[in-house]
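The sequence and structure are shown first.

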Amino acid sequence: MQNPNEDTEWNDILRAKGIIPEKKKDAEVTEDQIVEMLENTINQKTGIVKNHLNDKTLDELDELEDEEDEKVILEYRQKRIAEMRELASKSKYGSVTEISAQDYVQEVNKAGEDIWVILHLYKSGIPLCSLINQYLSSLARRFPTIKFLKSISTTCIPNYPDINLPTIFVYQNGNMVKQFVGPIELRGMKLTEKELEWMLGKVGAVPTNIKEDPKPKVRDILFSKLGMDQNSLEDGND
């Protein structure tokens, strides 16, 4: 026998003729009933958790805490491993590469997304150029995610004036961010590696921990030349 509650075309005809009764409608669930069901579910689960914990001894509760600590440590370890793998994938340089004018666009402008490029224009026979090449070699080993390049000035840029040497160009995403031009801006032969690192770090090119200019202050140099200690001088004025 056909079920009169089924949704079929024949049953619809029979209902329209009054031969079979209208289909029973499911009782509607009110919003209050939904809230009540949710509250009952939450209370039931909370009660299960409470009963589960109430059954535990102090030692067992300590073990649960240890398990939570281990979970946190594991998550942190996995995060650090991911960070180290990402760093390793970016640590592909580590030295200063010599380029020519033909290499400029590929090595500098198309270096890659978020890649910092530091290019030193130099010439042999200029002492400050040699000093900066030495410093850049050291920095390249310490910051292998940064692309360090060097090029003989007139090889890279024809007729580039020697008066502008040394010159350091800093690029990111193919755009020049900063340029250091000439011996005065690069502090002459008294330039230290830490100072150069700070100068490059100030523009964001290297992730240095040096936050203040390591160049000695004029006052410190004066005291040094006089052979005096600033603290002893201040004590004498008291």
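How many bridges join strand 2 to strand 4, and do these strands run parallel or antiparallel? Strand 2 and strand 4 (residues 167-172) are joined by six bridges and run antiparallel.

## Basis of the description

This is a predicted model, in which local features need pLDDT of at least 70 and side-chain atom pairs count only at pLDDT 80 or more, while totals for chains, interfaces and linings use all residues. Residues are numbered from 1 along each chain as its sequence is written, and side-chain values use heavy atoms, with hydrogens and water left out.

## The sheet

Helices (H or I, at least four residues) and strands (E, at least two) are DSSP runs numbered from the N terminus; two strands pair if DSSP finds at least two bridges between them. Five strands form an open sheet of mixed pairing, in the order 1-3-2-4-5. Strand 1 and strand 5 (175-181) stand at the edges with a single partner strand each, so one side of each is left without a neighbour in the sheet. On average, neighbouring strands are turned by 25° against each other, direction ignored; axes are lines fitted to C-alpha atoms, for helices over the stretch in contact, and angles run from 0 to 180 degrees between N-to-C directions.

Strand 3 (residues 147-152) pairs in the parallel sense with strand 1 (residues 96-98) over three bridges, and Thr97 stands opposite Leu149 there. Strand 3 also pairs in the parallel sense with strand 2 (residues 116-122), over six bridges. Val117 has Lys147 as its bridge partner in strand 3 and stands opposite Tyr171 in strand 4.

## Helices on the sheet

Helix 5 packs on the sheet, touching strand 1, strand 2, strand 3 and strand 4 (contact means heavy atoms within 4.5 Å), and its direction makes about 155° with that of strand 2. Helix 8 (residues 193-202) also packs on the sheet, touching strand 2, strand 4 and strand 5, with its direction at about 35° to that of strand 4.

## Nonpolar cores

A nonpolar core is a set of buried Ala, Val, Leu, Ile, Met, Phe, Trp, Tyr and Cys residues joined through side-chain atoms within 4.5 Å, where buried means under 20% relative accessible area (1.4 Å probe, protein chains only). The largest has 24 residues, and those with the most contacts inside it include Ile118, Phe148 and Leu196. Helix 5 gives the most to this core, with seven residues.

Apart from this core lies another, of 16 residues, among them Tyr104 and Val117.

Definitions and conventions:
Buried means under 20% relative accessible area, exposed over 50%, partly exposed in between (1.4 Å probe, protein chains only).
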